[in-house]
Amino acid sequence: MIGDSVYEMSDNILSVEHLSWSVASGKRRILHDISFDIPSGAFVGLIGPNGAGKSSLMRCLYGVHHPQSGTVTLQGRDLFFLNARQQAQKISVILQEHASHMGLTVWDVAAQGLIPHKGLLEWETKQDKLRIKSTLEELDLWPLRHHEFESLSGGEKQRVMLARAQIQQPELLIMDEPTNHLDVHYQIDLMNRVKAMGISVLASIHDLNIAAAFCDHLLVMDKGRIIASGSPNTVLTENLVADVFHACVAVDRHPFMPNETPRITYAYQTKTQELNDRGES
Amino acid sequence: MKSWPLWCLLILAFITPLWASVVGVANISIHDALTIVCGSLGGGCEVDALKQRIWIELRLPRIVLAFLTGAGLALAGKVLQTVTRNPLADPYLFGISSGATFGAVLVIAVLGGQVSWGISAQIGLTGGAFLGSALSVMIVLLLAGRRVQIERMVLAGVATSFMFSSATSLVLYASDPQAASSLLFWSLGSFARATWGQMLLPLVILMVCFLVFLVYTRPLNAMLAGDENARSLGVEVHKLRISMLLLTSLLTAILVANTGGIGFVGLMIPHIVRRLFLQNQKHLMWVTPVFGGVFMVWVDVIARGLIDGHELPIGVITAALGSVFFIVVMGRRAWSH
């Protein structure tokens, strides 16, 4: 595994050790002996081909799946000893697609960020309403506050989910392919806004250039294992992309980005056969 | 946020019972009704004693029971649609109403049709209805699998509903004519036998359920966007879903035991309310039952007034309105995509 000294020196908000998970029947193991840390304030990207286990790993971290072995420590406490509400006070989640909200408005969805912090008999206070208002204004959603969530575009929906996440005031934000279905403008806009929050983030990302530009650290998954870990410029090499994604790319330095951010250029047609041949051999 | 729809509803909720109480064969005016109300509040009452009796002992309990039934069924439908994320869910879809009807019908059959509204008969009917609906919920949950998948729940609910309907028909077929006549009451629904004595249990259960649902509004709304979404907000999804299913089955059972099978209200009202009160989402937990109650009182007025000298069963009117509504909703969905 590729190391990264700066990354390893920070305090960790989340530590995963030897985590393994199989589907309920136990016949098919999806995650194998996963270990990694997320330092406080780091933006960690999870990349890998479809079916690598990225979403399954994330579901283990926000309580939907229950791993058969391994430990997850959140700020020094065993995550699996926290109840759902305690977990939600620390971890916020933005999913890639949103099921029907059956009539809920932008305000209602954003206000759901208060749920983990409010008792059943606690009403929204004036301060809560002011916080929701300022968050919606900050994300340019205030004019849409009375609109039905389902009537929004994909980019607007993700901004509402980001507003909800901000109101949830988490220590860690988990995002499962948040830029899927978004056009270039909204992809960059969303990632910049997340980055501006300044909290620890674990995001699975399909677009390698987005991952390279926004992540401090990348975890590469394939076949349920983490096969590489490190800063984008050490992880995103032509060989790794070819091995993991079976895609032929050229990697150079991004002309507009600092810190030797890698830029990936895809060879769309000419090299495909060559790669296939390489894979077979 | 526009608040005028809420005010309109509240005014309607005030006017409707008053208006409904003066519709009927006996000639009682709104002035008479208000005079009786004032009289019972301490002032002298100049209205004829017979009219007073008709108004207080026949019309008012009927209106109150209609309101409670409409409110309860609408609330049950709203909660079921929320916890199953299925906009077409109602107590019928999950076999809750069919189970309750079967339980009540079985009790009537055992009693041989001798249902007087004594306290023991009411407990027997309510108990039978609740056992039937609870059994139905158990079967649906068992068939829904360990992860309580919504799609499986709907299919299991449909199967369970048919199973209990079939069992009800069998009991009806095997019963003596007197019991069979009483059983018709359950299959068609009516408020004609409403008395003040039978009001307490539905009122208490409705208030308890309403308060529980109100307290759980936020977690329930979180479930609208899916189990993963709700879990990530700290909601114990499975526990909440099962609790809500059991509570709605209790509420439905109490109402079925008192009024018989009244369909489509739980399906229609939450839909209409969602559309009419789009900007008042956080108020829907109280708006839905109030709207359902008002609606049911009007349905009862129609049932009493549509054909002179003849009263139509409530279930016939709600089913007619509901089926048209269902067709319109499905039609709009089919052509809007």
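This is a predicted model: local features need pLDDT of at least 70, side-chain atom pairs count only at pLDDT 80 or more; totals for chains, interfaces and linings use all residues.
Student: In which sense do β6(A) and β7 of chain A pair?

Tutor: Strand β7 of chain A covers residues 172-176. Four bridges join β6(A) and β7(A), and the sense is parallel.

Student: Are the residues on the two sides of strand β6 of chain A buried or exposed?

Tutor: The strand spans residues 91-94 of chain A. A:Ile91 and A:Val93 lie on one side, A:Ser92 and A:Ile94 on the other. Both faces are covered, and all four of these residues are buried.

Student: Which residue of β9(A) is the bridge partner of A:Leu46?

Tutor: Start with strand β3 of chain A, residues 43-47. β3(A) pairs with β9(A) in the parallel sense over four bridges. In β9(A), the partner of A:Leu46 is A:Leu219.

Student: Which are the edge strands of the open sheet of four strands in chain A?

Tutor: This sheet has the order β2-β1-β4-β5, with antiparallel pairing. An edge strand here pairs on one side only. The edge strands are β2 (29-39) and β5 (77-78) of chain A.

Student: How many bridges join β1 of chain A to β4 of chain A?

Tutor: Strand β1 covers residues 12-22 and strand β4 covers residues 69-74, both in chain A. A:Leu14 stands opposite A:Leu74 in β4(A). The two strands run antiparallel, and the number of bridges is five.

Student: What stands opposite A:Val16 in β2(A)?

Tutor: β1(A) and β2(A) pair in the antiparallel sense over seven bridges. In β4(A), the bridge partner of A:Val16 is A:Val72. In β2(A), the residue opposite A:Val16 is A:Phe36.

Student: At about what angle does helix α2 of chain A run to β2(A)?

Tutor: The helix takes in residues 54-61 of chain A. It lies across β1, β2 and β4 of chain A. Its angle to β2(A) is about 65 degrees.

Student: Which element gives the most to the side of domain 1 of chain A that touches domain 2 of chain A?

Tutor: The domain assignment gives domain 1 (5-103 + 167-236) and domain 2 (238-281) in chain A. In the contact, 13 residues of domain 1 meet twelve residues of domain 2. Elements giving two or more residues to the domain 1 side are α8 (208-214), β9 (217-222) and α9 (232-235) of chain A. The most, four residues, comes from α8(A).

Student: How do the residues on that domain 1 side divide into nonpolar, polar and charged?

Tutor: The side in question belongs to domain 1 of chain A and touches domain 2 of chain A. Three of its residues are polar and one is charged. The nonpolar residues number nine.

Student: Which elements give two or more residues to the side of chain B that touches chain A?

Tutor: The contact takes 26 residues from chain B and 27 residues from chain A. The chain B side divides into eleven nonpolar, seven polar and eight charged residues. The elements are α9 (217-223) and α10 (227-232) of chain B.

Student: Why does B:Leu155 count as partly exposed?

Tutor: B:Leu155 sits in helix α6 (residues 150-174) of chain B. A buried residue has 20 or more other C-beta atoms within 10 Å, and an exposed one has 12 or fewer. B:Leu155 falls in between because its number is 14.

How values were computed
Residues are numbered from 1 along each chain as its sequence is written. Chains are lettered from A and ligands numbered from 1 in the order in which they are written. Two residues are in contact if their C-beta atoms, placed from the backbone, lie within 7 Å. Ala, Val, Leu, Ile, Met, Phe, Trp, Tyr, Cys and Pro count as nonpolar, Asp, Glu, Lys and Arg as charged, and the others, Gly among them, as polar. Two strands pair if DSSP finds at least two bridges between them. Axes are lines fitted to C-alpha atoms, for helices over the stretch in contact, and angles run from 0 to 180 degrees between N-to-C directions. Domain bounds come from an automatic or database domain assignment.
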